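Subject: Handover of a structural model

Dear colleague,

Please find below the structure that I am handing over to you. My findings follow directly after it.

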Amino acid sequence: MRAVVVPSHGDSSAMEVTEVPDPVPGPGEVLVEVAASGVNFIDVYHREGRYPLPPPRVVGSEGAGTVSAVGDGVTDIVVGDRVGWVNILGSYAEKAVIPAARAIVLPGGVSPEVAAAVLLQGLTTHYLTHSTHEIRQGDDVLVHAAAGGMGLLLTQVAKLRGARVLGTVSTAEKEKLARAAGADEVFGYDGFAECVKDLTGSGVHVVYDGVGAATFEGSLASLRPRGLLALYGAASGPVPPFDLQRLNQAGGLFVTRPSLGWYTSTREELLARADELFGWVASGALKVHVSQRYPLEDVRRAHDDLEARRTTGKVLLIP
Ligand SMILES: NC(=O)c1ccc[n+]([C@@H]2O[C@H](COP(=O)([O-])OP(=O)(O)OC[C@H]3O[C@@H](n4cnc5c(N)ncnc54)[C@H](OP(=O)(O)O)[C@@H]3O)[C@@H](O)[C@H]2O)c1
């Protein structure tokens, strides 16, 4: 099969599309014909070597497709089932082996392409808005990169929960997308904390910050006393070490650095979040915006575009 491998870590040119042996499902695993793979920042970190990439060094942590074989002991998933997955390496490929315990069977109204476009960022949005901070009616919420993959989903779900959403974006085109997703106020990054204070008085209840280094200080300054900064990513680079006493001086603030694994650590939690997410998608309450689809051969361009802020919404690889 064709797959994207990283023989040695580096920039996007480190990735090669090459023939590798078909993977074989072991006990408790299923083999999937991949319909689409999601492209995510975590794939960049695996490519660069910031996160470990074990052999066979095939990149990609999110995908969906149709089960073509099952290993010994798999009883609840059968050949022909359509499944999706997150946080399992190897999805930038024509076939992938997934532990049955992590496979999410897709409901009728959700295609594999939509599942590959919404699972990782949608489950992340679910835990950030329902668990990390349970958004309440009337909350003021700041969403950075509001036209990005995470940003468009966070904006829509925060609106579903009755929040007022303030968003940052870098271009007029991105502003249009963020507003179409429901953002009430959208502005650029320059002086965003002042904008937030002007609009809210005391600041927002929660900031969802996946940008990291470039926005961290402004995010803290945007919070009301006892507000929460959910620093869930670092698209602009990691936040440097930080003196915790500053949280006291700024109003008894909270900062957390969450990730999806901690919020989907049991099969029950994974499936409960996926059920609700797919329910929103099937009912039309949550729109999935796929901005770019690339063939596997264009994987380098896909990473370059994501890293250079040239994408909006979701980016997919089609094997
Ligand atoms: N913790 C978790 O569980 C979890 C799960 C999923 C994703 N994430 C994180 O969430 C973040 C967003 O992921 P995503 O896939 O949805 O990406 P994305 O938001 O679609 O793309 C990143 C966006 O960040 C903004 N940005 C601001 N400064 C940037 C810079 N210096 N370099 C690059 N981008 C910059 C850009 O939007 P503007 O042009 O509008 O500024 C860019 O489009 C990533 O850090 C990712 O690692 C975390």
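I begin with Val114, which is located in helix H2, a helix covering residues 112–132. Please bear in mind throughout that this is a predicted model. The relative accessible area of Val114 is 26%, so the residue counts as partly exposed, a class that lies between the limits of 20% and 50%. Apart from residues up to four places away in sequence, Val114 touches Val281 and Val288. Val114 and Val207 are 93 residues apart along the chain, and 27 Å separates their C-alpha atoms.

**A buried serine**

Once neighbours within four places in sequence are set aside, Ser219 is in contact with His144, Phe192, Val207, Asp209 and Leu229. Ser219 belongs to helix H6, which runs over residues 216–221. Is Ser219 buried or exposed? Its relative accessibility is 0%, and because buried means under 20%, Ser219 counts as buried.

**Val17 and Val299**

Val17 is part of strand S2, residues 16–19, while Val299 is found in helix H10. Leaving out neighbours within four places in sequence, the contacts of Val17 are Ala3, Val4, Leu296, Glu297 and Val299. With the corresponding neighbours left out, Val299 is in contact with Val4, Met15, Val17, Tyr92 and Leu317.

The accessibility of the two residues is as follows. Val17 has a relative accessible area of 32% and is partly exposed. Val299, at 1% relative accessibility, counts as buried.

Two C-alpha distances relate to this part of the model. Val17 and Asp298 are 281 residues apart in sequence, with 9.0 Å between their C-alpha atoms. Val299 and Arg57 are 242 residues apart along the chain, and their C-alpha atoms are separated by 15 Å.

**Backbone geometry**

- Ala145 is not a glycine, yet its phi is positive, at about 50°. This residue is in the loop between strand S8 (140–143) and helix H3 (149–160). With a relative accessible area of 29%, Ala145 is partly exposed.
- Arg309, also a residue other than glycine, has a positive phi near 65°. Arg309 is placed in the loop between helix H10 (299–307) and strand S15 (314–318). Its relative accessible area is 53%, and because exposed means over 50%, Arg309 falls in the exposed class.

**The chain as a whole**

How many helices and strands does the protein chain have? There are 10 helices and 15 strands. The radius of gyration is 20 Å, close to the 20 Å that the globule rule gives for 319 residues, so the protein chain is as compact as a globular protein of that length. The C-alpha trace spans about 60 × 40 × 35 Å along its principal axes.

Of the 319 residues in the protein chain, 53% are buried. Among contacts in the protein chain with a separation of 6 or more, 67% are between residues 24 or more positions apart. The accessible surface of the protein chain is about 13,100 Å², and carbon and sulfur atoms account for 54% of it. As for charge, the protein chain carries 28 positive and 36 negative side chains, with 5 Å between the centres of the two sets.

**The database record**

UniProt, in an unreviewed entry, lists residues 10–317 as "domain: Enoyl reductase (ER)".

Yours sincerely

Key
Residues numbered from 1 in each chain as written. Predicted model: local features only at pLDDT ≥ 70, side-chain atom pairs only at ≥ 80, totals over all residues. Heavy atoms only, no water. UniProt positions renumbered as here; feature names shortened; annotations may be inferred. Helix = DSSP H or I, 4+ residues; strand = E, 2+ residues; numbered from the N terminus. Rg over C-alpha atoms; globule rule 2.2 N^0.38 Å. Buried < 20%, exposed > 50% of the residue type's maximum accessible area, 1.4 Å probe, protein only. Contact = heavy atoms within 4.5 Å. Areas by Shrake-Rupley, 256 points an atom, 1.4 Å probe, with all protein chains shown as cover. Lys, Arg positive; Asp, Glu negative; His and termini not counted. Charge placed at Lys NZ, Arg CZ, Asp CG, Glu CD.
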